[in-house]
Amino acid sequence: MYVRSRRGFKGPRRNGTNGTNGTPGKASSVSGTVDRSCPLVNPGAARGPSNVPSGLATPPDHRLQTLPRAVDPLLFDIGQELVSFEPKAPPPGLDLRERCIEAFYYHFYPAHPFILPRDALFKLRKEKPIDHLEAAMRYVGSFYVPQAPNVALGLEAERTVYHADCPKDGFRVQAMLILTIGLDGYTYQEKALQILVDAQDLALEFGMNKREFAFINGNGSDLLEESWRRTWWEMYIVDGMIAGVHQKSTFRMKEIPADVGLPCEEKDFASGVSCEPMSFGSED
């Protein structure tokens, strides 16, 4: 798993120190005490002139951090590499809510590519309502759009995924997982953990930990099947991060029996190429 370098990180200070026995000017060792307040995503990152998302939300290539107009993201296609983008001119009159969706894909998605790629999801949203997923995407995307009302969008997302009429489906699990990461980024760690646990309960209720779930719920789409597999493993990773960094949970996912296939290559998923899922112990 990609781990971002913490060079240049400036953590909380007290009385002019960096937390090293009261000695000013000394940075903590990499092997020293873990910063348990470190969020999974830094929602304020895109607002400052030199900040970039940190933690799990960091794109695995610094080229993404220097793309032009970070607070007004361009539309893009993912090419043969996860970080290979072909910017397009944004459509005229794009409203704020849609800008948040685009910002989600531009800033957040490269580090968390588990829901459908942009073009596939935009096609899906024309065929069936996925309001709960879109609400969570808008919330996280709003972190990178300065004028977006992220608090209001967060409340809207939370209400949507917990509404009595919200479908019990994999898209709801995806929405709750995105919401978990976003809330953790705002240091709402207790609420984030509760939503993660609820997402796990829901996923287990309809057997998302079983290999056949992806096939049964893929609607004949290899891309959607891959998205379901990626969702399970994203939930596993996030649970492990919360357990290890915050020490707020017991890494529940580690104890859950699962035979879900492993994710395919990023470039294959992005381009929609069909691939046979691998499993632990599989050979090339």
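The model is predicted: local features need pLDDT of at least 70, side-chain atom pairs count only at pLDDT 80 or more, and totals for chains, interfaces and linings use all residues. Residues are numbered from 1 along each chain as its sequence is written, and side-chain values use heavy atoms, leaving out hydrogens and water. Helices are DSSP runs (H or I, at least four residues), numbered from the N terminus.

**Helix α1**
- Helix α1 covers residues 96-108.
- Its 13 residues should span 18 Å at 1.5 Å a residue, and the end C-alpha atoms are 17 Å apart, which agrees. The expected span is 1.5 Å times one less than the number of residues.
- Of the 13 residues in α1, 11 are buried. Buried means under 20% relative accessible area, with a 1.4 Å probe and protein chains only.
- Among the buried residues of α1 are Glu-98, Arg-99, Tyr-105 and Phe-108.
- The buried residues pack against α2 (118-127), α3 (131-141), α4 (150-162) and α5. Contact here means heavy atoms within 4.5 Å.
- At the start of α1, a side-chain oxygen of Asp-95 comes within 3.2 Å of the backbone nitrogen of Arg-97.

**Glu-226**
- Glu-226 sits in helix α8 (residues 222-246).
- Glu-226 has a relative accessible area of 3%, so it is buried.
- Its side chain makes a polar contact with the side chain of Arg-230 at 2.9 Å. A polar contact is a pair of N or O atoms within 3.5 Å; within protein, one must be able to donate a hydrogen and the other to accept it, and residues adjacent in sequence count only if both atoms are side-chain atoms.
- The side chain of Glu-226 also reaches the backbone nitrogen of Cys-264, at 2.7 Å.
- Leaving aside residues up to four places away in sequence, Glu-226 touches Pro-263, Cys-264 and Phe-269.

**Positive phi angles**
- Most residues other than glycine have a negative phi.
- Thr-187 has a positive phi, near 60°. Thr-187 lies in the loop between α5 (170-185) and α6 (189-205).
- Phe-251 has a positive phi of about 55°. Phe-251 is in the loop between α8 and α9 (266-271).
- Phe-251 counts as buried because its relative accessibility is 18%.

**Aromatic rings**
- The structure holds 12 aromatic pairs. Rings of Phe, Tyr and Trp (its six-membered ring) pair if their centres lie within 6.5 Å; planes under 30 degrees apart count as stacked, over 60 as edge-to-face and the rest as tilted.
- Ring pairs join Tyr-139, Phe-143, Tyr-144, Tyr-186 and Tyr-188 in a cluster.

How values were computed: Helices (H or I, at least four residues) and strands (E, at least two) are DSSP runs, numbered from the N terminus. Buried means under 20% relative accessible area, exposed over 50%, partly exposed in between (1.4 Å probe, protein chains only).
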